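Good morning, colleagues. Please bring up the sequence and the structure on your screens, and I shall take you through the side-chain packing and the strand pairing.

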Amino acid sequence: MTPTVPVSVESEIFYPSADGQPVAETYDHLYALLTTLEVLKQYLANRQATVLGNQFLYYAQGFPKLRVAPDVMVIFDVAPGGRDNYKVWEEGQVPTVIFEMTSFGTKGQDEIFKKTLYEQLGVKEYWLFDPKGEWVEQQLRGYRLRGEIYEPIQDGRSEPLQLRLVVEGRLIGFYPEDTGEKLLIPNELAEALRQEVLARQQAEELVEQERQRAEQAELQIEQLARLRSPLALAQPSLNVDPDTIE
């Protein structure tokens with residue numbers, strides 16, 4: 001149960017939205033964080049949910065030091081949109097799925113402290129992604145809540161998100177279970193849009209070429225018709241009066 005304090009006291013408590021620490025340890029961790037954040041935001045755009053990245057999660061009302069900053073967290077049944085920070089007692093929901101971009105330097109915190117905390121908070125799934133492959137076998141490890149205890153995820157699926165997760169280099173690939181088609185990352189979306197525009201332009205050019213060929217064929221038919229008409233008029237008559245023949 002989340003601790004609470006009287007409203008008059010709570011109004012005087014300050015809950016910071018930043019601590020001056022870097023967002024991620026390395027470029028690879030930052031890229032994995034931002035890509036995961038954007039892909040899931042697009043995926044859940046029409047849902048009653050929000051996706052937050054590297055923002056404070058406050059889980060004990062009246063105790064601003066009791067906080068954690070998940071790399072990416074998905075919360076269902078809350079108003080869409082961003083927040084400066086996330087207070088469990090105000091929103092009424094704990095995160096459903098959390099992703100941490102882990103490294104050898106954060107192994108202890110990610111695998112012990114955060115795993116225990118998220119388990120106690122009731123976070124349904126907790127995923128550890130190791131972009132550099134420093135300590136997580138096959139780079140990706142997930143835990144699913146069964147009762148009050150985390151169990152390792154063996155099937156590579158996120159049940160709440162209905163996505164299949166695949167390691168693709170130093171990123172996570174996300175595949176909806178209903179379509180099997182990959183959720184494109186921003187640069188893949190840009191390339192897909194470029195290809196779509198190019199294909200549309202090529203189709204329009206083919207249509208224009210066909211139109212021009214049709215016009216040329218019609219013009220040639222008209223020209224032949226004009227040429228044949230005067231020739232027919234200029235030909236001598238073949239009707240001969242038999243009396244004029246000697």
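This is a predicted model: local features need pLDDT of at least 70, side-chain atom pairs count only at pLDDT 80 or more; totals for chains, interfaces and linings use all residues.

Tyr-143 counts as buried, because its relative accessibility is 7% and the cut-off for that class is under 20%. The charged end of Lys-115 is placed over the ring of Tyr-143, 4.8 Å from the ring centre.

Let me turn to the aromatic pairs. Searching the whole structure gives 10 of them. One is formed by Tyr-118 and Tyr-126, with 5.0 Å from centre to centre and 80° between the planes, an edge-to-face arrangement. Are these two tyrosines buried or exposed? Tyr-118 is buried, with a relative accessible area of 0%, and Tyr-126 is buried too, also with a value of 0%. Another pair brings us back to Tyr-143 and Tyr-150: their ring centres are 6.1 Å apart and their planes meet at 40°, so this pair is tilted.

There is also an aromatic cluster, made up of Tyr-15, Phe-56, Tyr-58 and Trp-89. Phe-56, a member of that cluster, has Arg-67 over its face, at 4.3 Å from the ring centre.

Now to the nonpolar cores. In soluble globular proteins, nonpolar side chains tend to be buried together. Here the largest nonpolar core contains 26 residues. Which residues have the most contacts inside that core? They are Leu-40, Val-72, Val-74, Phe-99, Leu-161, Leu-165 and Phe-174. At least two core residues come from each of the following elements: helix 2 (27-43), strand 1 (49-53), strand 4 (72-76), strand 6 (97-101), strand 7 (125-129), strand 11 (163-168) and strand 12 (171-176). Helix 2 supplies the largest share, 5 residues.

If neighbours within four places in sequence are set aside, the contacts of Val-72 include Leu-33, Thr-36, Leu-37 and Leu-40. Val-51, Leu-52 and Gly-53 are also among the contacts of Val-72, as are Val-97, Ile-98, Phe-99 and Met-101.

Strand 2, residues 57-58, runs antiparallel to strand 3 and is joined to it by 2 bridges. Within this pairing, Leu-57 has Val-68 of strand 3 as its bridge partner.

Finally, two hairpins deserve attention. Strand 10, residues 157-158, is joined to strand 11 by 2 bridges, and the two run antiparallel; Arg-157 has Arg-164 in strand 11 as its bridge partner. This hairpin has 4 residues between its strands, and Gln-162 takes a positive phi near 55°. Strand 11 also pairs with strand 12, in the antiparallel sense, over 6 bridges. There, Glu-168 has Leu-171 in strand 12 as its bridge partner. This second hairpin has 2 residues between the strands, and Gly-169 adopts a positive phi near 70°.

Thank you for your attention.

How values were computed
Residues are numbered from 1 along each chain as its sequence is written. Side-chain values use heavy atoms; hydrogens and water are left out. Rings of Phe, Tyr and Trp (its six-membered ring) pair if their centres lie within 6.5 Å; planes under 30 degrees apart count as stacked, over 60 as edge-to-face and the rest as tilted. Buried means under 20% relative accessible area, exposed over 50%, partly exposed in between (1.4 Å probe, protein chains only). A charge sits over a ring if NZ of Lys or CZ of Arg is within 6 Å of the ring centre and within 35 degrees of the ring normal. A nonpolar core is a set of buried Ala, Val, Leu, Ile, Met, Phe, Trp, Tyr and Cys residues joined through side-chain atoms within 4.5 Å. Contact means heavy atoms within 4.5 Å. Two strands pair if DSSP finds at least two bridges between them.
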